[in-house]
Amino acid sequence: GAILAYTARPMDLLALWPWLLVLVACSLLAGVVAGLLGVGGGIVLVPVLDVVLRAGGVPADWSMHIAIATSLATIIPTALVSSMAHHARGSVDWGIARSWAPGMLSGALAGSLLAAQTPDAWLAGGFGMVAAAVAAKMLLTSPDLRLANTSPRGVGGNLIAAVIGGLSAMMGIGGGTLSVPAMTLTGSRVHDAVGTAALFGFLIALPGTLGYLLPATPAEFPTGTAGFVSLPALLVVTPCTLLTAPLGARIAHGLSKRRLSQLFGVFLGIVATRMLWRTALFH
């Protein structure tokens, strides 16, 4: 089947070794960020994987797709470890998690299937614009700003969750980028929002990765690509993010809610600038 449709074109790993070192370093950082901000690490990994894959000869029209798919696959174990670390500190809201789970799961599957048919420039540009909007919210508003006192449940909650899951799967991120602002605006403490977002990352990454494994692998993809997921990159990234995700969770609980919100916003602003620059430069 398509899941086992590996291609025969090798990637020159010897020429890529400096980029592999960059990937390892950024993967270690992604694990910290995953635990710290509940974002799954994809917000770091997608731009880095995009650059490394293009350096390895992946066509620019496809590098963003593979980066997003591979990022989601790495989030499955990372989000699990991160959410367990937050749960140990009592900062996972299991009520919201259970209520929003159906929407997250279905939205993520739909988003990944749609992304496989979406032009590369749209994915990169959409990634950058969403990250910029969320960065502005986290930097320019108080963490105490509320649009509602409690997060919506039932149909309304699942509609919000489906949108978060769908957009997150299309961008290769764990959901924290969108669910942390959504939860803090509707009554959640930022620490609880970050912890719960880590769990949402798992709910998004699992069906999202499946959606990226299903399409047939294009012939120009390098060896070891299953669907849109790069297995060699997955093997490099995952041990690094698993190692450092618990450290990020520990750091998060040592910060004030204002400082945690500001850190989230600054980081997203940097990522948004990088992705919008990429869109303008290559398209």
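Buried means under 20% relative accessible area, exposed over 50%, and partly exposed in between, with a 1.4 Å probe and protein chains only. This tour concerns a predicted model, in which local features need pLDDT of at least 70 and side-chain atom pairs count only at pLDDT 80 or more, while totals for chains, interfaces and linings use all residues. Residues are numbered from 1 along each chain as its sequence is written, and side-chain values use heavy atoms, with hydrogens and water left out.

Select Phe228, which is buried at 3% relative accessibility. Trp62 belongs to helix α3 and Phe228 to the loop between β1 (225–226) and β2 (229–230), 166 residues apart. Helices (H or I, at least four residues) and strands (E, at least two) are DSSP runs, numbered from the N terminus.

Trp100 is buried at 1% relative accessibility, and Phe200 is buried at 0%.

**Ser91**

Proceed to Ser91, in the loop between α3 (60–88) and α4 (94–115). Ser91 is buried, with a relative accessible area of 0%. Display the backbone oxygen of His86: the side chain of Ser91 reaches this atom at 3.1 Å. Beyond its neighbours within four places in sequence, Ser91 is in contact (heavy atoms within 4.5 Å) with His86, His191, Asp192, Gly195, Thr196 and His253.

**Helices α1 and α9**

Finally, select α1 (residues 17–37) and α9 (residues 231–252), whose axes come within 5 Å and cross at roughly 35°. Axes are lines fitted to C-alpha atoms, for helices over the stretch in contact, and angles run from 0 to 180 degrees between N-to-C directions. Among the residues making the contact are Ser27, Gly31 and Gly35 of α1, and Cys240, Thr244 and Gly248 of α9. By class, the contact of α1 with α9 has 15 nonpolar, 6 polar and no charged residues (Ala, Val, Leu, Ile, Met, Phe, Trp, Tyr, Cys and Pro count as nonpolar, Asp, Glu, Lys and Arg as charged, and the others, Gly among them, as polar).

Key:
A polar contact is a pair of N or O atoms within 3.5 Å; within protein, one must be able to donate a hydrogen and the other to accept it, and residues adjacent in sequence count only if both atoms are side-chain atoms.
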